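This briefing covers selected strand pairings, helix packing and domain contacts in one structure. The points are grouped by topic.

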Amino acid sequence: MERYKTRAGVVLTCVCGEWLLVSAAALRGLCPFVTVINESSAFLWKRLQSGTDAEELERAVREEYEIEDPETVRSVIVAFLQQMREMNYLEEAGKETGKAND
Amino acid sequence: MIDETKKLLLDVLSCAIRGKQAPITDQLKKKRMALFQLAMEHHVLPLVVDTLYHGEEADPTMRGMAGQVRSLVIAQAQRTADFQLLLQRFGQKGLWPVVVKGLVCRSLYPEPELRPSVDEDLLIRPEDFSVYDAAMKAAGFRVEQGNEDEDYEIVYLHPESDFCIELHTSLFPEESEAYGDCARYFDGAIDRAVDLTVEGVSLRTLAPTDHLLFLICHAYKHLLHGGVGIRQLCDMELMIERFGKDLDWGYIRKSCDGLSLSVFTAALFRIGEKHLGFAMPEAFVDIDVDESALLEDILSGGLYGVVDVDRAHSSTMTLEAVSAARDGRRSKGALHSVFLPLEAMRGNYPYLRSCPWLLPAAWVQRIFRYLARKDRSDPVNPLRSVQIAHERIDLLKQYRIIR
């Protein structure tokens, strides 16, 4: 799995039971302004934000959701990463792309 | 004795700041709209609604409130995101301003974006001002208020997002007779600043002891200007909870003694103990204080006491009373509200910056402006304003800020 980190200028928040990703004004055109995500995506986002690598991420998902099958765990993570990458909420670790309209 | 709605606000807040859901009691159902109004005045509506929102069980009113609060939280999250990018941009240029309250205080809450901040505050060295000013302008901000030569804080606004940053070269204006003394307690605060990671973003912030002392002094400043907000007390208590072991309580107590703020601070902590469920810090246990008058003052004024226009106007007298006490002179009383000093007039009468000798003309202009006001929907009642000032000066005496 490639290494990704959450993009600076994207904030995860939860209000009245709804998880939201909200991006900075300067990221308009690059990321959606607001995206509603589910609780398990929020769980993965928090782990990525704290610098968790792929192996630790798999372990965290196994423990949190009590999933034994490693392939299932992997597919959950891959799907999440792909969705977040498509929306430009992630960037490759070690690479800082900065602002969209710098 | 505080009324039912105020008691409810404290009960609900004490759940909210611990990330717990508050039970929906019959009393709460009856007083719900009054509670929301009070929470709005104190800028804690998202915290209150979120903690009372029980998902599927929510009735149409609660669902409507959740919708409103969702917009407020998204706006706050966007300001946080904007701020993260600004800090990242500063970091890329080798600039590490000291982040004060705002983002750091929000990070103390279980869900940070539920605690709104109107702006963000950055502390920098005076000699670095031009570098930061250029960096702010390069990031698209423009100066909204203040100038480098006269003011200790310059307000910047981003014209597209309305995001507001205050750049401080000092934490308090040294020239203020009422609270300028606070400034010297933060000499060297930038050298003592510490690294902190908030939501994946590295930043510099005040050392915990400096930060808590700053929150106390900041609450004192707002007490004089109109009122302390209950949110300010929540910030303090959560900071103690998070950084307790790193706090130099001996220094905090000694500083409060030096500023005549120990009784006031003990009263704040007593409110935290009795109404929000926090422990009374050992360093203030010896002070026997009745916190009830301060609590009523806090809860009746809204955030910073601006909910009542007469109360806001009364601050010119409370500030003058403290200035006089600190100076050892007799207070000018109500006349001071009419003939404000130069520094208080400069904001609304910018020509005084270059022509200070026009102060008497500005006084006359101010009186005529007041008499000619067409918008009388919320007129100032001078007599009530003076009465509030007298009551609040008694409060300052009760908490030994002045004698």
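**Sheet in chain A**

β2(A) pairs with strand β3 (residues 18-23) of chain A in the antiparallel sense, over six bridges. The model is a predicted one. Within this pairing, A:V11 has A:V22 in β3(A) as its bridge partner.

- The sheet is open and has three strands in the order β2-β3-β4 (chain A), with antiparallel pairing.
- β2 (10-15) and β4 (34-37) of chain A are at the edges and have a single partner strand each, so one side of each lacks a neighbour in the sheet.
- On average, and with direction ignored, neighbouring strands of this sheet are turned by 25° against each other.
- Helix α1 (residues 39-49) of chain A packs on the sheet and touches β2, β3 and β4 of chain A. The direction of helix α1 of chain A makes about 140° with that of β2(A).

**Hairpin in chain B**

- Strand β6 (residues 194-198) of chain B and strand β7 (residues 201-205) of chain B are paired over five bridges in the antiparallel sense.
- The bridge partner of B:D195 in β7(B) is B:R204.
- Two residues lie between the strands of the β6(B) and β7(B) hairpin, where B:E199 takes a positive phi near 50°.

**Helix pair in chain B**

- Two packed helices are described by the angle between their axes and the distance between the axes.
- For helix α8 (residues 208-225) of chain B and helix α10 (residues 249-258) of chain B, the axes come within 10 Å and cross at roughly 30°.
- Angles under 35 degrees count as roughly parallel, and α8(B) and α10(B) are therefore roughly parallel to each other.
- The crossing of α8(B) and α10(B) is right-handed.
- On the α8(B) side the contact is made by B:T209, B:L212, B:L213 and B:I216, which meet B:Y251, B:I252, B:S255 and B:C256 in α10(B).
- By class, this contact of α8(B) with α10(B) has six nonpolar residues, two polar residues and no charged residues.

**Domains of chain B**

- The domain assignment divides chain B into domain 1 (76-206), domain 2 (209-288) and domain 3 (309-398).
- Between domain 1 of chain B and domain 2 of chain B, the C-alpha centres are 22 Å apart.
- Contact between these domains involves 17 residues of domain 1 of chain B and 15 residues of domain 2 of chain B.
- On the side of domain 1 of chain B that touches domain 2 of chain B, 13 residues are nonpolar, one is polar and three are charged.

Notes:
Residues numbered from 1 in each chain as written. Chains lettered and ligands numbered in written order. Predicted model: local features only at pLDDT ≥ 70, side-chain atom pairs only at ≥ 80, totals over all residues. Axes fitted to C-alpha atoms, helices over the stretch in contact; angles between N-to-C directions. Helix = DSSP H or I, 4+ residues; strand = E, 2+ residues; numbered from the N terminus. Parallel < 35°, antiparallel > 145°, perpendicular 65-115°, else oblique. Left-handed = near helix turned anticlockwise from the far one by under 90°. Contact = placed C-beta atoms within 7 Å. Nonpolar A, V, L, I, M, F, W, Y, C, P; charged D, E, K, R; others polar. Domains from an automatic or database assignment. Pairing = 2+ DSSP bridges.
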